[in-house]
Amino acid sequence: MIAQAATEIDTGDTAWMLTSTALVLFMTIGLGLFYAGLVRSKNTLNTYMMCVASIAVATITWALVGYSLAFDGTGDLIGGLGHFALQDVGFEPREGLTIPHLVFFVFQATFCIITIALISGAVVERMRFGPFLVFAALWTIIVYSVLAHWGFGGGWLFERGTLDFAGGIAVEMGSGFSALAAALAVGARKDYGRLGLLPHNTVYVLLGGGILWFGWFGFNGGSGFGTNEASVLAFANTLLCPAAAVATWFALDAIRGRRVTAVGAATAIIVGCVLITPAGGFVSPGWALALGALGALPCYAVIVYRPRTGVDETLDVLAAHGVAGFTGILAIGFVAQASWNGVSDGLFYGNAAQLGDQALAALATPVYAFVATYVLLRVIGLVTDLRGVDRDEAVGMDFIHHGEEAYPTGEGAILVSPEDGGEPPTPVAQPARGA
Amino acid sequence: MKLVIGIVRPEKANDVLEALYRAEVRGISMSKVQGHGGELDKVETYRGSTVAVEVSDKVRFEIAVTDPFVEPTIAAIREGARTGEVGDGKIFVTPLERAVRIRTGETDETAVTPVGA
């Protein structure tokens with residue numbers, strides 16, 4: 001994160017940050033579409049709704065306490081409560097920035113939102129909707145705020161000089177390793193490992209991946225908090241790195257299965273965006289290309305390996321976010337260039353200490369995210385069932401939890417008006433019903 | 001030679017397939033159908049309009065078998081499809097007059113016996 005010395009509000013910076021914030025919010029909608037396409041049709045709406053619900057839940061918790069715990073003060077592990085319920089968050093710029101404090105708050109809120117939405121990918125098609133909402137509310141406070149404080153808000157990693165441009169720590173490793181814990185705590189789907197559980201709409205997957213890439217220009221391009229060189233560099237790298245990741249994915253798909261897959265392409269877009277998230281404003285455009293091309297390899301390996309395990313981490317949040325975020329955070333330690341970022345060099349440019357700071361983040365973040373998420377879900381599981389009975393899963397989450405279908409035919413649907421007392425008229429063809 | 005028609009819940013279709021496979025019944029057609037068999041309506045709400053969906057999605061199996069396979073096929077469909085709730089479906093068995101395998105021109109019992117069986 002690059003903090004500028006000026007404390008006057010800059011209208012150009014503010015205009016771009018307002019735009020970036022809207023772009024990042026749109027990512028969560030794109031993620032919902034991406035996830036919805038990857039599940040079976042009977043779970044389309046529920047999967048999408050977990051992302052929509054994340055917007056509501058995380059916005060409220062972030063405004064009340066999350067933002068304060070992440071961005072108030074320089075405590076080692078956690079911030080203070082000075083900004084509880086947006087206290088002292090107004091039009092004056094936050095120290096070192098050139099945008100109103102409120103804009104900074106709402107920009108950061110969109111990051112918290114997408115992170116909890118990402119984790120839903122590990123538990124779709126089986127976790128009950130109500131417990132997910134409770135989990136989302138608590139997770140944003142207990143895990144996200146803490147990791148955001150470590151990486152962005154003045155916590156111990158930030159103070160050491162660990163570089164994380166746009167959220168390799170809190171967003172990517174935070175979601176990826178929490179997703180693994182969530183998958184273990186909630187358990188595998190009923191038919192996992194027995195039947196092929198296939199994506200029901202690959203066009204949604206591609207469109208969702210495209211919306212995510214589009215929004216990521218705000219996610220990375222806004223993480224310089226203005227229209228400065230760091231933002232411009234990150235913006236350019238957000239095109240370069242995913243493009244290289246997609247090319248690598250094509251090659252790996254072709255070698256492995258002799259065909260290039262569409263779901264693979266959509267996945268590779270996300271992997272590439274995640275790889276460049278922590279590194280965006282710190283590495284040269286050339287290294288961004290290399291990072292996309294090489295960083296895709298471990299992610300691909302995990303995606304191929306994971307289904308062979310008993311772990312139903314359903315939509316591979318660990319591979320696409322956890323492993324890619326881990327790789328990106330470490331890559332900074334090798335290829336960061338002070339001549340591009342004005343902050344620090346990596347190992348290749350003579351500064352081995354940076355790699356040490358990056359490695360510390362790459363070890364501490366997964367451990368905290370995994371343990372805290374696992375314990376949190378186990379505790380919620382003591383109070384209420386995390387998942388429904390097998391029959392609910394067989395019928396599908398859309399009807400069970402929302403009373404709607406993604407693709408209703410409309411045939412045979414009889415309007416139930418309130419005057420009937422909610423009783424549907426008995427169809428002529430079924431006079432004996434209930435007899 | 002009989003045609004066995006099984007109409008089952010869509011969420012049990014995979015269980016029926018597995019049961020048929022275990023009973024060594026091969027040669028199956030499946031289609032998605034909609035119908036009503038006396039089960040409770042699904043009540044859904046779209047933007048304030050509450051509707052009772054009178055027809056339910058079902059999956060229809062059509063299996064042409066030789067006479068010795070009729071009972072195992074019926075048993076397999078029941079085993080896979082049964083939940084005990086109203087709406088589990090029906091099985092119909094009708095006589096089959098002729099069958100022709102398009103590729104070879106084989107007829108009747110040879111035609112409905114899968115290759116390699």
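Biologist: Is the crossing of α8(A) and α10(A) right-handed or left-handed?

Modeller: A crossing is left-handed if the near helix is turned anticlockwise from the far one by less than a right angle, and right-handed if clockwise. The crossing of α8(A) and α10(A) is right-handed. This is a predicted model, in which local features need pLDDT of at least 70, side-chain atom pairs count only at pLDDT 80 or more, and totals for chains, interfaces and linings use all residues. Residues are numbered from 1 along each chain as its sequence is written, while chains are lettered from A and ligands numbered from 1 in the order in which they are written.

Biologist: At what angle do helix α8 and helix α10 of chain A pack?

Modeller: Helix α8 (residues 229-257) and helix α10 (residues 285-305) of chain A pack at about 40°, their axes lying 7 Å apart. Axes are lines fitted to C-alpha atoms, for helices over the stretch in contact, and angles run from 0 to 180 degrees between N-to-C directions. Angles under 35 degrees count as roughly parallel, over 145 as roughly antiparallel, 65 to 115 as roughly perpendicular and the rest as oblique; α8(A) and α10(A) are therefore oblique to each other.

Biologist: Which residues make the contact?

Modeller: Residues are in contact if their C-beta atoms, placed from the backbone, lie within 7 Å. Among them are Leu240(A) and Trp249(A) of α8(A), and Leu289(A) and Tyr300(A) of α10(A).

Biologist: How many residues does each chain give to the contact of chain A with chain B?

Modeller: Chain A gives 19 residues and chain B gives 18 residues. On the side of chain A, β1(A) supplies the largest share, four residues.

Biologist: Where does α7(A) bend?

Modeller: α7(A) bends by about 30° at Gly215(A).

How values were computed. The bend at a residue is the angle between axes fitted to the seven residues ending there and the seven starting there. Helices (H or I, at least four residues) and strands (E, at least two) are DSSP runs, numbered from the N terminus. Two residues are in contact if their C-beta atoms, placed from the backbone, lie within 7 Å.
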